[in-house]
Structures are given as C-alpha cells and as structure tokens.
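Open your viewer and get ready to click along.

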Amino acid sequence: MTISRDSIVDWIKAFAVAIEANKDYLTDLDSAIGDADHGANMHRGMQAAVGKLPTVADKDIGTILKTVGMTLVATVGGASGPLYGTLFMQLGTSTAGKMELSLSDWTAAVEAALGGVVARGKAAVGEKTMVDALTPALEALKAAAGGDILAALKASAAAAAAGRDSTIPLVARKGRASYVGERSAGHQDPGATSSHLLLQTAADTLR
Ligand code: ADP
Ligand code: MG
C-alpha cells in the first residue's frame, strides 16, 4: 500500500478544516501563555494554502507540499508561519517528483520536516513547543517501519497526542510563552496542539 497524491491533497484540506474547527480552542490556549493568535494565524494560512491547491492539484506531491509551505510563510506572521512553512517546505523537498509515497518515504519526509523546524526554531524536546508533538510522532513512524501504513499513521497520531499532553506541566523555554516563565506550566502548548491535528488528519486521510 502507498499514499496517493490525491490523499495528500485531501490531507491539506482536512487539516484546514480541523484548524477551522479548533480555531477558538487554539486561540484560547495561546491566550493563556502567548498572544491569543495561534488559531487565527493557522486559519489564515491554511485557508490561503487550500486556495492554492487548484493550481498544483495535477503536480507531484513535492510541489503540492512546497506550495503549502511557501503560502504559509507568505501569509502567516509570528512564530508559526515560518515554522509550519518550513515544515511543509521540507516535506515537499523530501517528496520532490513523487506521485505516491511508501511508508519509508513518509517517515523520511516527516524526519526532514521536524529537522527543518528544529533548525529554524532551535527547540529541543521538553521546551513546550510543537517539537514535543512532532518528535514522538516521528519515533512512532520509525518504530512502525516495514508494517502497515495505516497502523503506522495511527500510531504516529497517538504519539503526537501524548506529546501534546506532555507539554501541559512544562515550563516554556522558546517563543512567546517563554516570556511568562514558570507561569506557563499547567497550560497545553498551542503549537503542539495544532501539530497533533496535523498528524491526526494525516491518519484520517492518507491512503
Ligand atoms: P507567536 O508565538 O509568534 O504568536 P503562534 O501563536 O502562531 O506564534 O505560535 C505559537 C507556537 O509556536 C507555540 O505554541 C509553539 O508550539 C511554537 N513555537 C514558538 N517558538 C518556537 C520555536 N522556537 N521552536 C518550535 N516551536 C515554536
Ligand atoms: Mg501567538
């Protein structure tokens, strides 16, 4: 079994829908430890990205994902625009020219994406960022190597959920939330929450 180009397009649309459905929730999370714009930032970016899909729907997976990344960089300010932009651009670079993906292709793409986020944001696991959701998601994909793709995608979404939850007691060390210092403990990180939505919608749509 492989992941089709059409299901990659479905994933982008499903992520945009999930962001829209969780817009106020993400903003509430960001209001506790940041500036209450994560929901609006991600929603603006993903609406713009979905708007670009018709221009690339017949292109390879790498072109589609790179276009999403460039659109996020162009339309979203703050930390999440460059970080999610890099994430999608690295997914796209890793999948350049491909019309379908194997599980190992997908795992390599997620590894490149996380590498891009870490290179840009310099966050390590445990600093209360999206890296806390993405890192266990990648580890779950690696652990599922050679097995069923759907099971691997579900395991990575479950690992991202656990990683998201792991941010609650943490003190933020990166980004705006680090400005509130110790008071950030007890709040779930908004970026880790949206990153779980990214992996959950991947498990729901990639086929
Ligand atoms: P801003 O913080 O500029 O208002 P957003 O509110 O859209 O941007 O995004 C905040 C999220 O970005 C945080 O919850 C966190 O997950 C993520 N983030 C912030 N800084 C970093 C960083 N250096 N590395 C990784 N993720 C980061
Ligand atoms: Mg914010």
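**First stop: helix α3**

Select helix α3 and look for its buried residues: His38, Gly39, Asn41, Met42, His43, Gly45, Met46, Ala49, Leu53 and Val56. Buried means under 20% relative accessible area, exposed means over 50%, and partly exposed lies in between (1.4 Å probe, protein chains only). Helices (H or I, at least four residues) and strands (E, at least two) are DSSP runs, numbered from the N terminus.

Before going further, note that this is a predicted model, in which local features need pLDDT of at least 70 and side-chain atom pairs count only at pLDDT 80 or more, while totals for chains, interfaces and linings use all residues. Residues are numbered from 1 along each chain as its sequence is written, chains are lettered from A and ligands numbered from 1 in the order in which they are written, and side-chain values use heavy atoms, with hydrogens and water left out.

Back on the helix, α3 runs over residues 38-56 and has 19 residues. From its first C-alpha to its last it reaches 27 Å, close to the 27 Å expected at 1.5 Å a residue; that expected span is 1.5 Å times one less than the number of residues.

Asp30 counts as buried because its relative accessibility is 9%. Asp37 is partly exposed at 23%, and Asp35 counts as partly exposed at 31%.

Leaving aside neighbours within four places in sequence, Asp35 is in contact (heavy atoms within 4.5 Å) with Asp30 and Arg176. Asp35 and Arg176 are 141 residues apart in sequence, yet their C-alpha atoms are 7.7 Å apart in space. Their side chains are joined by a polar contact of 2.8 Å. A polar contact is a pair of N or O atoms within 3.5 Å; within protein, one must be able to donate a hydrogen and the other to accept it, and residues adjacent in sequence count only if both atoms are side-chain atoms.

Ala36 lies in this loop too, between α2 and α3. Its phi is near 60°, a positive value in a residue other than glycine.

**Last stop: ligand 1**

Select ligand 1 and the 20 residues around it (a heavy atom within 4 Å). Asn41, Ala79, Ser80, Gly121 and Asp189 come nearest. An oxygen atom of ligand 1 is 3.0 Å from an N or O atom in the side chain of Asp37. A polar side-chain atom of His38 lies 2.9 Å from an oxygen atom of the ligand, and a backbone N or O atom of Gly121 lies 2.8 Å from a ligand nitrogen. The protein covers 93% of the 560 Å² of accessible area that ligand 1 has on its own; such areas come from the Shrake-Rupley method with a 1.4 Å probe, and for residues only the protein chains shown count as cover.
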